[in-house]
Amino acid sequence: MAPVLPLVLPLQPRIRLAQGLWLLSWLLVLVGGLTLLCSGHLLVQLWHLGTFLAPSCPFSALPQFALAASAVALGTGLVGSGASRASLDAEQYPPWRGVLGPLLVAGTAGGGGLLVLALGLALALPGTLDTGLEEGLGSALAHYKDTEVPGRCQAKRLLDELQLRHHCCGRHGYKDWFGIQWVSNRYLDPNDHDVVDRIQSNVEGLYLIDGVPFSCCNPHSPRPCLQSQLSDPHAHPLFDPRQPNLNLWSQGCHEVLLGHLQGLASTLGNMLAVTFLLQTLVLLGLRYLQTALEGLGGVIDGEGEAQGYLFPAGLKDMLKTAWLQGVGPHRPAPGEGPPEEEPPKEGLPEA
Amino acid sequence: MALLKVKFDQKKRVKLAQGLWLMNWFSVLAGIIIFGLGLFLKIELRKRSDVMNNSESHFVPNSLIGVGVLSCVFNSLAGKICYDALDPAKYAKWKPWLKPYLAVCVLFNVTLFLVALCCFLLRGSLESTLAHGLKNGMKFYRDTDTPGRCFMKKTIDMLQIEFKCCGNNGFRDWFEIQWISNRYLDFSSKEVKDRVKSNVDGRYLVDGVPFSCCNPNSPRPCIQYQLTNNSAHYSYDHQTEELNLWLRGCRAALLSYYSNLMNTIGAVTLLVWLFEATVTVGLRYLHTALEGVANPEDPECESEGWLLEKSVPETWKAFLESVKKLGQGNQVEAEGEDAGQAPAAG
């Protein structure tokens, strides 16, 4: 049975490998920590913007998985640095011998799997943001006036604060406000002719006006904010429609939020890719170091040349050995002692 | 009688030196933190210098920056001294410098304490600067065409939105100034002409506020104009309405923000001062303990460390004597010179 991808490792290259692995592990810890912070930041942003994202939008799964994956990567980095440091010291290495095998399997299967899943989510989920934001923002705008309805009373405040902080107005532009009733009926005078006319002229009995809330106002405008009668060119003196309109925010909140969240998701995706690369390198290096040292029987300073490899045999041979080991104890052959344990014991193939 | 004597054997001296070395490096870190805090405060003051008439005092952040840099320098030097104190050969070259260095350290500690106090005391001057600056800022709110003042509207609007405040002391300050530029007033309208004529200075005053005073927590859409006219709006009573606009004045809001900032920085500086004082006291003990090693050939012997050789009143008397002698010495020399010159001239 020929080992897979063998690499001859005499003493000096082994020491170099251990030192390089130590550096790489600390780099993995750093990058893992940064990815952790980035996914935490995205989680906090999503928590703040929760009202404007439809509940059915799966986007919030991304930062959660990224958090788990980066935590595992951080752990892998710490284990790698500890193991590579121990492999240079004959006294510290023996306790690592038994632990390293299962840790490598856990790191590859668990950590690698989580990272690949998180990367996949980072590529696929931003596409669902569009519909999620449409629904969420549409619902928020519709409930702007419901400041007395329990469960919806925060919509006005949240939407005002969103428009003030993100410098946007309406869903795709300020005209979205013309199509919904954003003034609560409680503050409409039923004896006012203008109000009654407006309500009666509308099919659904809504009070629609060509005005916007104050949070759409742009402070950069040189004149005090014009919020009402926006479609009437004669209502406001000296309003020159040919000049660039600095009066209100020109961007819609949908575009602004989409850009913001997609930017955060792409940054997170980049960091996850770097973490994945580093983790693969660290795990490979640890595996080679482990098999080389096992070949020497765990003696660190052995001058002999050891061979490091990924797997002791090809996939077919490994499966056969595993099956035999599993079936063997049920059919003990006469005169045979317990099967020789191959160093190291390799159970599961790479996920 | 020495002040606060402590006996030191070799091991204790070594431990003291090592402990002091570590503490000095922590102090360097603390110095960097003070430097950072001073820089942060300076940037925050610069950010809002428009509403403070560009006349705010930068004394506190500048002194914090200076003290932070000095702390880094002194403490890294002290760390080097403590590191060398364990080696008699290396320590010998530092010996003559230690006494003046300790005096400088004491002066530095006093300065640090004064700077920490200043952080708490500068609130008063900031209050008057803010009052003047905001008043001017509101006056220039409408001058969006005047070069040099065209950004005042944007600054005040964003200030009111960010700090959730309105006007100088409250929203009524806006009733007393003309905040709508003449350029956007239709002088052919009767209403505008009446208002301008009824005012002594010919200003267009309204009982309205800019949009940035609006409070998003209000359940009804923001009422900005005709604020004192109850009949202009349905179901509105201006005397009981609390959620419509921000009720706090921007002077109080900014003052509270800067006070909190300076109080936090002052508290951190006091903590650092305590730490530095401990380090200086430790260094003094190390100095006197090493001086007290009677036999330089035998490093294992015991020695005593103290803060002051004699008690405080005796040390103060001795200090005054030495100052007087210095003065007298000069006097005697001068007299001698005069006496020498007089016969020469005469």
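In the predicted model, local features require pLDDT of at least 70 and side-chain atom pairs count only at pLDDT 80 or more, while totals for chains, interfaces and linings use all residues. Residues are numbered from 1 along each chain as its sequence is written, chains are lettered from A and ligands numbered from 1 in the order in which they are written, and side-chain values use heavy atoms, with hydrogens and water left out.

Chain B comprises domain 1 (1–135 + 250–305) and domain 2 (170–246), with bounds taken from an automatic or database domain assignment. A distance of 53 Å separates the C-alpha centres of these two domains of chain B.

Cavities were defined on a 1 Å grid over the protein atoms alone, as sets of points where a 1.4 Å probe fits but cannot get out; lining residues have an atom within 4 Å of a point. Grid points were joined across faces, edges and corners, and volume is the space filled by probe spheres set on the points. The count is 2 cavities of 30 Å³ or more.

The largest cavity has a volume of about 100 Å³. Its lining includes B:Phe171, B:Arg172, B:Tyr236, B:His238 and B:Glu241, and by class contains 5 nonpolar, 3 polar and 2 charged residues (nonpolar: Ala, Val, Leu, Ile, Met, Phe, Trp, Tyr, Cys and Pro; charged: Asp, Glu, Lys and Arg; polar: the others, Gly among them).

The second largest cavity holds about 60 Å³ of space. Among the residues that line the second largest cavity are B:Asn24, B:Phe74, B:Tyr101, B:Cys105 and B:Glu276. Helix H2 (59–85), helix H3 (88–121) and helix H7 (250–291) of chain B each give two or more residues to this lining; helices are DSSP runs (H or I, at least four residues), numbered from the N terminus. The lining of the second largest cavity divides into 7 nonpolar, 4 polar and 1 charged.

Terms used:
1 Å grid on protein atoms, 1.4 Å probe; cavity = no way out; pocket = protein on both sides within 12 Å on 5 of 7 lines; lining within 4 Å.
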